[in-house]
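Trainee: I should like a close look at a single part of this model, taken together with the charged contacts elsewhere in the chains. Please take me through it step by step.

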Amino acid sequence: MGRFERALQRIRDAAPALEQSGAVLSGEAAAHAHLMAATGTTPDGAILYAALAPRRLTAIYPDGAGRVPGIEPDDGPVAEVIRASLDRFGATAILGDGTRVPVLSRDAVVAELLSRGGLALGLAGTLIRVCNQPAVDPDDIREILKAARQGERFQPLLELLSVA
Amino acid sequence: LAAPGLPWSVAEAFSLLDEVYYDALRRVTEVLEREGVPFCLVGGGASQAWIASLRTAGGRQRLSDEPLLTRALRRTRDLDFATRAEPARMLRVLNHLAASAGEGAHVLGPRAIRLGPVSVSFTLSPGDLSGMEELYDELLDSRTPLSLRRGPESDEVPTIGLEELLATKLTRRGDKAKNIVDVTQLLAASRDAGRIIVVATVRRLVGGRPDARALLAGLEQELSEEEVD
């Protein structure tokens, strides 16, 4: 089993503990949870989308919540903004085997990946292309980035939407 | 955006899974080979060709038999080729191409032809590749024949080398997001096909270009983690 498959398995296995602690997966981990759900991928079966393996598995934990092993707390600027509104930005990715994974909403994940820049933009592009129903909301993403003082990171989204 | 009288929208973009785009690629490739013009496919079309070739075991599988390709290929409106030719010679070649392609083919000078909805562009010399002029011949020489298959027979498409393509994607200015999408899909396809990327070549070609340094670091980290794995 490669790094990719192991990461997907860890995402799936962490789901119950994340739910218990009220945390939601963020960043690359959340993107992969959305991609698994949209394509019917399960960590034990064929991977039905093309992407690089997540480098870090992160989650946004509510204040005082216990940490889930292997899932680092997300301390990025977008995560700091979202932590205050987890009710609004929380979602559930349902994997092919029925596992319910607490994740950030897709638009919030795209905002996080835009904020990180670099190769993370490629994952944002894949997320937009594969999970395009309903269409991402650029206004929502702009609002998150502005609140995180990352407004200058918005521009690549327009390019990604044009090539998705 | 529908063009009156045309069966396509002018804003439509294509992948190698689309017959009109694949046929345009095959037609241009055949003519350039026949005329003896040194050339290779570059840009977004080259990314598609590499991803498709890596994911279909070098044309052993048909493109339509690999479901990942519908999501892995970034659609584009054009095909780009690097060549070495005098403008007058290229104009003659493109006029032959237009005559053989028939209706819907329009020559737009020695560097461009429209084949139905597909725009095809050519660089003719280093001066046409701003920012990487000194590498032009090396990029052209890296041409690698990739086998792709839509029907019963496979087609050979001379394409810029994989390392060279990655270097251009990391380095070229403008449209960065689409280039990064291509880079990540190329890396994922290489990983899945077991194709080892020679990082030293990418690093040398990228050189000291400041814009590319951070992206190159990301690529190096990605590849080193795969290696450890």
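Mentor: Helices are DSSP runs of H or I with at least four residues, strands are runs of E with at least two, and both are numbered from the N terminus. The model is predicted, so local features need pLDDT of at least 70 and side-chain atom pairs count only at pLDDT 80 or more, while totals for chains, interfaces and linings use all residues. Residues are numbered from 1 along each chain as its sequence is written, chains are lettered from A and ligands numbered from 1 in the order in which they are written, and side-chain values use heavy atoms, with hydrogens and water left out.

The part to examine is helix α2 of chain A, residues 27–39. Of its 13 residues, 11 are buried, and the helix is thus mostly covered. Among those buried are A:Glu28, A:His32, A:His34 and A:Thr39. The expected span of a helix is 1.5 Å times one less than its number of residues. Just after α2(A), A:Gly40 adopts a positive phi of about 75°.

We may now turn to the charged contacts. Side chains of opposite charge can pair when their charged atoms come close.

In chain A, A:Arg116 and A:Asp74 form one of them, at 3.2 Å from N to O. A:Arg116 belongs to helix α5 (residues 106–116) and A:Asp74 to the loop between β3 (72–73) and α3 (77–83), so the pair ties together parts 42 residues apart in sequence. A:Arg116 is partly exposed at 32%, whereas A:Asp74 is buried at 3%.

In chain B, the closest N and O atoms of B:Arg204 and B:Glu138 are 2.6 Å apart in a salt bridge. This pair links helix α8 (residues 199–206) with helix α5 (residues 136–141), and therefore joins parts 66 residues apart in sequence. B:Glu138 is partly exposed, at 29% relative accessible area.

Salt bridges with shared partners also join A:Arg12, A:Asp13, A:Asp44 and A:Asp97 into one network. Within it, A:Asp13 pairs with A:Arg12 at 2.9 Å between the closest N and O atoms; A:Asp13 is partly exposed at 49%, and A:Arg12 is buried at 14%.

Methods
A salt bridge is a side-chain nitrogen of Lys or Arg within 4 Å of a carboxyl oxygen of Asp or Glu. Buried means under 20% relative accessible area, exposed over 50%, partly exposed in between (1.4 Å probe, protein chains only).
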